[in-house]
Amino acid sequence: MELEQLLDFKWSIMTPEFIILGVATLLSILDLFMPKSMDRKILGWIGVAGIAAATVSLAGFIDEPVTSILFDTFRLDSFAKAFKFILLIGSLFVLLLAISFEKKDGLAEFAGEFYYLFLTALLGAMFMASSGDLITLFIGLELLTISSWVLVGVTKRNKKSNESAMKYVINGGISTAITLFGLSYIYGLTGTTNIKDMSGTLMTMGGSQNQLYLLAIAFFMTLVGLSFKLATAPFHMWAPDVYEGAPTPVTAFLSIVSKTAGFVIIVRIFVSIFGSVPATGAQDALPMLLHLQDYIGFLAGATMIIGNVIALRQRNIKRMFAYSSIAHAGYILVAFTSMSYFTFDAIWFYLLAYLFMNVGAFAIIQLVGAKAGSDDISAYAGLYRRAPILAVTFAVLILSLAGIPGTAGFIGKLNIFMGAFATEPAHYVLASILIATSVVSYFYYFGIMTQMFFRPAADDSKFNIPVALLVVLIGSVVGTIALGILPNIAFDFLHDNFMQFKDFLQ
Amino acid sequence: MENAWIIPLFPLLSFLFLLLFGKRFKESSAYVGMLLTFASLVYSLLVLFERFSSPTYKQEGVWLTIGDVQLTAGFEVNQLNALMLVIVSLVSFLVHTYSKGYMHGEERFPVFYAYLGLFTFAMLGLVLSPNLLQTYFFWELVGVGSFLLIGFYFYKDEAKAAAKKAFIMTRIGDVGLLIGMILLFWQVGSFEYDAIFAAVAAGEVAQGMITLTAILIFIGAVGKSGQFPLHTWLPDAMEGPTPVSALIHAATMVAAGVYLVAALFPLFTASDVALTTIAVIGAITAIFAASIGLVQTDIKRVLAYSTVSQLGYMMLALGSAGYVAGVFHLMTHAFFKALLFLAAGSVIHAVHTQNIEEMGGLWKKLRVTGPLFLIGTLAISGVPLFSGFFSKDEILIAAWEGGHPILFLLAVIAAFFTAFYMFRLFFMVFTGKSRSEMKNVHESPSLMTLPMIVLAVLAVVSGYVNTPWFGTFLGDWLVEGNEALGHGHVEGPAWIMIVATVVSLAGIYLSWLIYGKKSLSRNWLGAQTLYKVLYNKYYIDEFYSMTIVKVTKGFSHFLRYIDTYLVEGIVLGVTAFVQTLGRLGAKLQTGQVQTYSAVAFIGLAILMVIFALTGGYL
């Protein structure tokens, strides 16, 4: 490649990524030269500033038409922009959690890494959102995954953390292997790694039965491989163990940013590749994605049931939230299965709502966990008496997670629910499972409420809420309620700026 | 009326204010709540009077746009809404006042008032909603308020369990409501009541779909209004403070189900199957709950079952196309049942027990509560000239004219039961020997008696707004300008009124013979002069106690058995199933990575095998 050609690319569209990369590099250098005894918290704040700057620069590109550079491997379309906002805001909140996380179990030694590894993971996720090529997509995925592995095990002297990291590495390895296997089939059939070219080739291929059969196998392999990232059943089993053992900010990262990235990649690959290939040789046949949607629906149903039902048995709140997070992935899969007019909106909105309600919940889990020294649900007994505002905050977030009207969670579920009915034929079974399992979820969500409001407190000690956590709490509650009462804020933003994602395949 | 949206905001303000500053105000919090609900009441009355002379007012704005679907939010003041506004704000205000005395000395006094504010806000918001989605919003919020108030005495395990049960049982009904609502949305393209009615009237919705959605929505009402078989939460909910029972579980929230059916009445009338379902469920509930009420010994539980039974009456009325009858009974019931609960609270306040076996002879000690309780009892028993008489009569006429002779018969029997157990309650509590251990019984403070007096007046006079004798103002007004709601008043045969009167008096008489007769037998002279008559009466008494009472008692125990073991059993069974599933799933979570990978691979294999077996494309 000529240097001139290289300089010809419109590198500016990568500004948000460059900022994150730059800040991550800066942090690692600063960490190297800072005296050992110095508090590393300042690095965290620099990271926060970096993410904020990246968000602002991304906002500057909102009106930018679809642009791609590096031979269409990196593209900035509305899909990428919309989801990058979620990734950035999510990481911003998570980093704030990390700043106020108590540095124990050997974490103090690696406090610097603790901050900039979040940034590299975020960078990977952002690349996934923007990738127009399987190679960039895969590299983004690996950057995210490997950073997360280290983060899970970053509290070195905590056995549970070590165990979690090990489990995560093994399961992650399996997931990557299966994904790559699936992707290699698609490459083999189309002879290209570029997603747009792939969809073009497949659309005109017409395909023999055998080719389509192979493509279907690729469909399953890729779906299963990526399902690990979403933690959907039955590929979810790593999640509870890893969530429990990881430091709380990392758990929040996995359940918010990492999951969002998983959905981004799955939508990107499946809609553009399998959404364009006819399921049979016939010209007017359904796209393969719709033809095989029952399988995704099956996974969605299983995920909602397993996530919500097993959550009933959990006493450890982090494990409970792991299962709840599995269940929420199931809800989003319902939207993905139905592939209705609403699907993109519904997924985007749900992830945004989920970001707010979940990050706030994890902030409280971190706070209470550090105070009580345990993540057992009994640590929440009498929280209302000890810290009424904290308890009410948690209650709002839990109500939202349960999908009670007036909160963002309700609007999110309503969207998905309406989407499931908006297709022909309607997905009645999935919609009923969604409702029934939501009812089941009330039991464990209200279990926490009962602890907080109806149980006597063990002691009367008050909480000191660090500034960073306070920001997260206020942000999450305001977000949850605002999106619940005035969801049009988000939908208008989406519709005004992203043209219903029409440029997805351009 | 343009500003009717302010009405729910007063209690909301009270809620927020007390939540933030309640601790500082201590028991003066009550005045904040009282003042603000009084403002709601005044405003509601103004709206009601304005509604008499002007047409329905509705204002809406776009709330949410998804694709090309627009969802609106706003408020509507039609006849039903205006009436409900007054009922809710009035009862709420009276309960606020009453609680100042009843909850005196309670440590979490401000919290109680804050919750009351939240609940009142939600309930007022509910009745102002012009569309199903908004209704659903407030419907759930009402549930949350009720959850908090039932569990107010959270240190009692029963209260905690009851709160949770109430929330979850009603949620089961809500699932029906939600599904029905969304289905209707896809048929009609709108959540608006008006749009739904227009589409139904224009025949745009298939008949089967109307029936299905109507029944699904009715399931929501079944949960909220404690209809069979989702009624079991309501008696348990009596663990909450008594003023709460009066507000939520007598006058407002439980009536929300009836209100919902009434608000969507044109939808229901479009389907005969749905109407018949409502009528049958209503009648079954009425008689089922009334018979259980016969053997209860807890004063509040008797009232709870009587509430369930009366709500069944309202449903029966609506199901028999008696829109006016249902709404009319909803109104009168709100007054006399709230009165009964508050009076029961006053009794409990005085004697510190809820067991009626331990009470007696309180008439002389509770000089105010006693007569007030009697008025409530007369009203609910359907004694002529009291409000319950007129509204129950309307329902019986509606059931008869609606062509349901069997349901009519059930309703008559239930009326007999009602009169019987209500007077049993009255005689056991207020007549007979006073217990020695109840020496220090005092009448409640005037803060508590005044609200009861207001309700007692209403329990007497509220019936006269719709009578066959003096005119059917309420009925005519309610259906004005809306033919889908039927006629204001259906002329029924005169014998129905006579039957209703006879039945109610017979119930009272029988109850007197059994529970009041002790005082008679002590009066030797009276017994001698009336010996023969008394003998015969005694004979009847024996006869009754041997046959009807025994049989009904047995039947009642049998139903109670079904209630405890079958209905709750099914609930428990479902719970146990879910729990077992959870346990199995958790067991699989061994902590071994090998297991996890194996499960994942099996999952992948299953997907592939299914794909291969179903043939894929081959």
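Hi everyone, thanks for coming. One thing to keep in mind from the start: what you see above is a predicted model.

Let me begin with chain B as a whole. Its secondary structure comes to 25 helices and 2 strands. Of the 618 residues in chain B, 61% are buried. The accessible surface of chain B is about 22,900 Å², and 68% of that is supplied by carbon and sulfur atoms. If you take the contacts in chain B between residues at least 6 apart in sequence, 81% of them join residues at least 24 apart.

Now, where do the two chains meet? On the chain B side, 60 residues are in contact, and they touch 70 residues of chain A. The area buried between chain B and chain A is about 6,100 Å², with carbon and sulfur atoms giving 77% of it. How many salt bridges cross this interface? The rule finds 0 between chain B and chain A. As for polar contacts, the count between the two chains is 1 residue pair, with both residues at pLDDT 80 or more.

Which parts of chain B supply that surface? The elements giving two or more residues to the side that touches chain A are α1 (6-25), β1 (57-66), α5 (132-150), α6 (157-188), α24 (548-588) and α25 (593-613) of chain B. By residue type, this side of chain B divides into 39 nonpolar, 12 polar and 9 charged residues.

First, though, a look inside chain B. Helix α10, residues 242-251 of chain B, has 10 of its 10 residues buried, so this helix is largely enclosed by the rest of the structure. If you'd like to follow along, the buried residues of α10(B) include B:T242, B:P243, B:S245 and B:H249.

Another place to look is B:A289, in helix α13 (residues 272-293) of chain B. Is B:A289 buried or exposed? With a relative accessible area of 1%, B:A289 falls under the 20% cut-off and is buried. Leaving out residues up to four places away in sequence, B:A289 touches B:Y305, B:V308 and B:S309. For B:V308, which is 19 residues from B:A289 along the chain, the C-alpha separation is 6.1 Å.

On to the salt bridges. Over all chains, a search of the whole structure finds 13 of them. Let me start with A:D77, which has two partners to show you. One is A:R75, where the closest N and O atoms are 3.1 Å apart. Another is A:R268, at 2.9 Å from N to O. What about accessibility here? A:D77 is buried at 0% relative accessibility, A:R75 is buried at 5%, and A:R268 is buried at 3%.

Back to β1 in chain B, as promised. B:K58 forms a salt bridge with B:D194, the closest N and O atoms being 2.7 Å apart. B:K58 lies in strand β1 and B:D194 in helix α7 (residues 193-201) of chain B, so the pair ties together parts that are 136 residues apart in sequence. Both residues count as partly exposed, B:K58 at 28% relative accessibility and B:D194 at 37%.

There is also a network in chain A. Salt bridges that share partners join A:K160, A:E163, A:K167, A:D241, A:E244 and A:R319 into one network.

The side chains of A:N316 and A:E244 make a polar contact at 3.5 Å. A:N316 lies in the loop between α13 (293-311) and α14 (317-338) of chain A, and at 17% relative accessibility A:N316 counts as buried. Apart from residues up to four places away in sequence, A:N316 touches A:E244, A:D375 and A:D376.

Note on methods. Residues numbered from 1 in each chain as written. Chains lettered and ligands numbered in written order. Heavy atoms only, no water. Contact = heavy atoms within 4.5 Å. Buried area = accessible area lost by both parts, 1.4 Å probe. Salt bridge = Lys/Arg side-chain N within 4 Å of Asp/Glu carboxyl O. Polar contact = N/O pair within 3.5 Å; in protein donor to acceptor, adjacent residues only side chain to side chain. Helix = DSSP H or I, 4+ residues; strand = E, 2+ residues; numbered from the N terminus. Nonpolar A, V, L, I, M, F, W, Y, C, P; charged D, E, K, R; others polar. Buried < 20%, exposed > 50% of the residue type's maximum accessible area, 1.4 Å probe, protein only. Areas by Shrake-Rupley, 256 points an atom, 1.4 Å probe, with all protein chains shown as cover.
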